[in-house]
Amino acid sequence: MVSKEVGVEKLAALRAGVVEKCADCGLCVQECAFLATEGSPKKIAESLDSGGSKKLLAAFGCSLCGLCGAVCPFGAEPASLFLEMRREAVRQKLVPGKLLSRLTAFERLGASRAFSLYRLPDGCDTVFFPGCSLPGSRPEPFKWALERLAEKIPNLGVVLDCCSKPSHDLGMEESFSASFGELKGFLLENGIKRVLVA
């Protein structure tokens, strides 16, 4: 669990990094609906001092796609700041727990026994881990990819489970760390050295 003090320090460091690197050139704003509404990363970072909780909540409008960092000629990484703003909003309990639990229902369903599978044949050190969405929403491409991989990798394992991305992206750091840590620990304990993702 991240303490409140550590979280505040991390947020301050990310904020300072964006303020320092963002030249307010507008390249990312042209490409992003969130930034077109909220302003440049520099303006968002600077407003954290005066915007309070309302500004923290604004970060939930970002898709965390990283496009802003990809197009930034100065090396700013605003998506990291926006994720940390979400985490701080969760730490401050600004997001209603009822809303978070509704949004993580998908994650719980994907990790349930009905939708998860761990097939690790003897000698398996590589697994195909497509997450919980691809096999359910696009079973044919999933099956095709699995068959092609199995042709190339003897003793390929398959893990169908949720990667806990909803908790991660919602800023629920503690929940994400617990779920993802359990998954990672299981794979390591079973000799898995390589995970192929979709």
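## The sheet

Four strands make up an open sheet of mixed pairing, in the order β1-β3-β2-β4. On average, neighbouring strands here are turned by 25° against each other, direction ignored. Strands (E, at least two residues) and helices (H or I, at least four) are DSSP runs numbered from the N terminus, and two strands pair if DSSP finds at least two bridges between them.

This is a predicted model: local features need pLDDT of at least 70, side-chain atom pairs count only at pLDDT 80 or more, and totals for chains, interfaces and linings use all residues. Residues are numbered from 1 along each chain as its sequence is written, and side-chain values use heavy atoms, leaving out hydrogens and water.

## Around β3

Let's look at β3 next. β1 and β3 (residues 157–160) pair antiparallel over three bridges; Y118 has V159 as its bridge partner, and L117 has L160. β2 and β3 run parallel, joined by two bridges, and here V127 is partnered by G157.

From β3, G157 and V159 point one way while V158 and L160 point the other, and all are buried (under 20% relative accessible area; exposed is over 50%, partly exposed in between, with a 1.4 Å probe and protein chains only).

W144 sits in α10 (residues 139–152) and counts as exposed because its relative accessibility is 53%.

Technical notes
Axes fitted to C-alpha atoms, helices over the stretch in contact; angles between N-to-C directions.
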